[in-house]
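Me: Hi! I'm new to this one and would like a friendly walk through it. Could you take a look with me?

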Amino acid sequence: MELKKNPRVDLKRWSSTLTNLGLVVSIALVLVAFEWKAYEDFKIKDFSGNSEIWDIPDVPITIQTPPPPPIIPIDIIIKPDNEEINKKTEMIIDIDFEEQKPVIDVILEGPPTLEVPDEINDFVEVQASFKGGMDAWYAYLKKNLIYPSQARRMGIEGSVIVRFVVNTDGTIEDVEVLRSIGGGCDEIAMKVIANSPAWNPGIIKDRPVRSRMTMPIRFRLD
């Protein structure tokens, strides 16, 4: 006959409960140990009523200067008083002076002449002109003026106003555009003016002068 244990006295049924209870108690003890505050029994010294004054001494700033350079002693040779001086020795000092040259008097023949640079005149008695007249000028433009391809594609027409200076020898300089139409026409107009043959210069008091000219260059599609 097999012996059967009374389930009421079986301790295994309480094993999980006791294990969990032990873990809870252990964790609680660890937390209490970490949070436990210990107070030492001593009195903290209070400095609020201290009337002592702390004096901080001023420490002077010292600047160290470099030491002076060493002094080299001078050797002094002392000769006795009874030593005779050789009277035959002569001291010759040769000083080479240049001979004084006579001062040349400068005689002014007249008042100085002031050279005034050629100024550019906007208004002259006789206007500068292209050699051969306007017919020769139009023939020059017809031969040398090229219509820009970009202006043709864009359909640009109009007049480019160019200003330039005619020198006393008829050469051209200082070419600039006063009114632009774009499309490459401005550059062509400046180039045809700058490369033009010599002009007849402007005249003031029967004398050729530098003068400023303004010329329109017309671009028109056929």
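**A buried serine, a core and a hairpin**

Reply: Happy to! Let's start with Ser196, which counts as buried because its relative accessibility is 11%, under the 20% cut-off. Keep in mind that this is a predicted model.

Me: Where is Ser196 found?

Reply: Ser196 sits in the loop between H4 and strand E5, which covers 199–200.

Me: And which residues is Ser196 in contact with, leaving aside its neighbours within four places in sequence?

Reply: With those neighbours left out, Ser196 is in contact with Phe130, Trp137, Tyr140 and Ile172. Trp137 also belongs to the largest nonpolar core, as one of the residues with the most contacts inside it.

Me: Oh, how many residues does that largest nonpolar core have?

Reply: The core has 23 residues. Besides Trp137, those with the most contacts inside it are Val162, Phe164, Ile193, Trp199, Met215 and Ile217.

Me: Which helices and strands each supply at least two residues of this core?

Reply: Two helices do, H2 (133–144) and H4 (185–194). The strands are E3 (158–166), E4 (172–179) and E7 (207–219).

Me: Can we zoom in on Ile193? What is Ile193 in contact with, apart from neighbours within four places in sequence?

Reply: Ile193 is in contact with Trp137, Val162, Phe164, Ile172, Val175, Met215 and Ile217. Ile172 is also a contact of Ser196.

Me: Switching to strands: how many bridges join E3 to E7?

Reply: Nine bridges join E3 to E7, and the two run antiparallel. Within E7, Ser211 stands opposite Val166.

Me: What about strand E1, is the pairing with E7 parallel or antiparallel?

Reply: Strand E1 (residues 120–121) pairs with E7 in the parallel sense, over two bridges. Here Asn121 stands opposite Ser211, the residue that also stands opposite Val166.

Me: And how many bridges join strand E6 to E7?

Reply: Three bridges join strand E6 (residues 202–204) to E7, and these strands run antiparallel. Ile204 has Arg207 in E7 as its bridge partner.

Me: How many residues lie between the strands in the hairpin of E6 and E7?

Reply: There are two residues between the strands of that hairpin.

Me: What is phi like for Lys205?

Reply: Lys205 has a positive phi near 55°, in a residue other than glycine. Asp206 is not a glycine either, yet its phi is positive at about 60°.

Me: Last one: is Lys205 buried or exposed?

Reply: Lys205 counts as exposed because its relative accessibility is 70%, over the 50% cut-off. Asp206 counts as exposed too, at 75%.

Methods:
Residues are numbered from 1 along each chain as its sequence is written. This is a predicted model: local features need pLDDT of at least 70, side-chain atom pairs count only at pLDDT 80 or more; totals for chains, interfaces and linings use all residues. Side-chain values use heavy atoms; hydrogens and water are left out. A nonpolar core is a set of buried Ala, Val, Leu, Ile, Met, Phe, Trp, Tyr and Cys residues joined through side-chain atoms within 4.5 Å. Buried means under 20% relative accessible area, exposed over 50%, partly exposed in between (1.4 Å probe, protein chains only). Helices (H or I, at least four residues) and strands (E, at least two) are DSSP runs, numbered from the N terminus. Contact means heavy atoms within 4.5 Å. Two strands pair if DSSP finds at least two bridges between them.
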